[in-house]
Amino acid sequence: MLSCDSYGRRQAVKGLFKGGFLAFLCFFSAVSVLYAADSGRKERVIQFSGVLVDARDLTPLPYATIQIEGTNRGAISNINGFFTFAAMVGDDIVFTSVGYRPVRLHLSDTLREDRYSVVQSMVQDTIMLTETVIYPWPSKEKFREAFVNLELPETNADILRKNFTLAAMRELAKAGKMDAGMNYRDLTQQQVDKLYYQGQVAPNNLFNPFAWAKFIQKWRAQKKQDRKENQLDEFEEYGSYAEEP
């Protein structure tokens, strides 16, 4: 026969098992109810809209990012700072824009409507960027090779020097035509000469010795000047080659 103490202990153990099982059932039921309530809350979709503005002067913030935290869903504000997209109650919304501090907003599960609008202000922030050095060549050897083989483009001074050499100016003068001022002066001189010698025979300098002397003097001076210019052109030409390695 079992003693009274053994029977009591057995009954106590059975009671503990029954109590623990009932407590487990109660806990499991409560968790299930909370999970179902939470699932129902998460499945509730609302239309989230709003406008982003600067907190200092209330100007719209275009092209800011509005994103549901932990997901890749969200929107970008338009040029007027407006945005709209579908969200769920309980989501955490993060607003970010370059030059502004991020803002976090929680969509409370106490919302009764299927839409929610907000005017969100953002505070400007200073962003310190790390120093970035950009090199056009991957190594010093490549830079040295590119520098040695570099072909420098012609500068405006080089083009000006080439176009205004004495030889080029002489060729342009020979091939060029008279402009309006030169034509006007020539026509005026012809009219002055015609009026000056009106009623008499104009002199002919073909047999004038003084005119011939002046012509020969000018011809010699021009020939000497042309010789100097040619020497100067040759010096500039060969001097430029002499500077090359």
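The dialogue below takes up the elements, the sheets, the salt bridges and the surface in turn.

Student: What kind of model is this, and how are its residues numbered?

Tutor: This is a predicted model, in which local features need pLDDT of at least 70 and side-chain atom pairs count only at pLDDT 80 or more, while totals for chains, interfaces and linings use all residues. Residues are numbered from 1 along each chain as its sequence is written, and side-chain values use heavy atoms, with hydrogens and water left out.

Student: How many helices and strands are in the chain?

Tutor: Helices (H or I, at least four residues) and strands (E, at least two) are DSSP runs, numbered from the N terminus. The chain has 6 helices and 7 strands. Read from the N terminus, their order is α-β-β-β-β-β-β-β-α-α-α-α-α.

Student: How should I read a sheet?

Tutor: Strands of a sheet pair through backbone hydrogen bonds, in a parallel or an antiparallel manner. Here, two strands pair if DSSP finds at least two bridges between them.

Student: How many bridges join β1 and β4?

Tutor: Strand β1 (residues 45-54) pairs with β4 in the antiparallel sense over 7 bridges. Within this pairing, Gly50 has Phe83 of β4 as its bridge partner.

Student: Which strands form the antiparallel open sheet?

Tutor: That sheet has 4 strands, in the order β3-β2-β5-β6. Strands β3 (74-76) and β6 (103-106) are its edges, each pairing on one side only. Its neighbouring strands are turned by 15° against each other on average, direction ignored.

Student: What are the pairings of β2?

Tutor: Strand β2 runs antiparallel to β3, joined by 3 bridges, and antiparallel to β5, joined by 4 bridges. Gln67 has Gly74 in β3 as its bridge partner, whereas Thr65 stands opposite Thr96 in β5. The hairpin of β2 and β3 has 5 residues between the strands, and Gly70 there takes a positive phi near 85°.

Tutor: In β2, Ile66 and Ile68 belong to the covered face, and Thr65 and Gln67 to the uncovered one.

Student: How many salt bridges does a search of the whole structure find?

Tutor: A salt bridge is a side-chain nitrogen of Lys or Arg within 4 Å of a carboxyl oxygen of Asp or Glu. The search finds 4 of them. In one, Glu69 meets Arg104, with the closest N and O atoms 3.0 Å apart. Glu69 lies in the loop between β2 (65-68) and β3, and Arg104 in strand β6, so the pair ties together parts that are 35 residues apart in sequence. Glu69, Asp92 and Arg104 are linked in a network of salt bridges.

Student: Where do Arg101 and Asp125 lie?

Tutor: The side chains of these two residues, Arg101 and Asp125, form a salt bridge (3.9 Å, N to O). Arg101 lies in the loop between β5 and β6 and Asp125 in the loop between β7 and α2, so the pair ties together parts that are 24 residues apart in sequence.

Student: Is Val148 buried or exposed?

Tutor: Buried means under 20% relative accessible area, exposed over 50%, and partly exposed in between (1.4 Å probe, protein chains only). Val148, which lies in helix α2 (residues 140-148), counts as exposed at 61% relative accessibility. Arg104 is exposed at 53%, whereas Glu69 is partly exposed at 42%. Buried residues make up 14% of the 245 residues in the chain.

Student: Which residues form the nonpolar patch on the surface?

Tutor: Patches are made of residues with over 30% relative accessible area and no salt bridge; like charges are joined within 9 Å, and nonpolar side chains (Val, Leu, Ile, Met, Phe, Trp, Tyr) within 5 Å. Here the patch consists of Trp137, Phe143, Phe147, Val148, Leu150 and Leu152, with about 690 Å² of accessible area together. Accessible areas come from the Shrake-Rupley method with a 1.4 Å probe; for residues, only the protein chains shown count as cover.

Conventions: Axes are lines fitted to C-alpha atoms, for helices over the stretch in contact, and angles run from 0 to 180 degrees between N-to-C directions.
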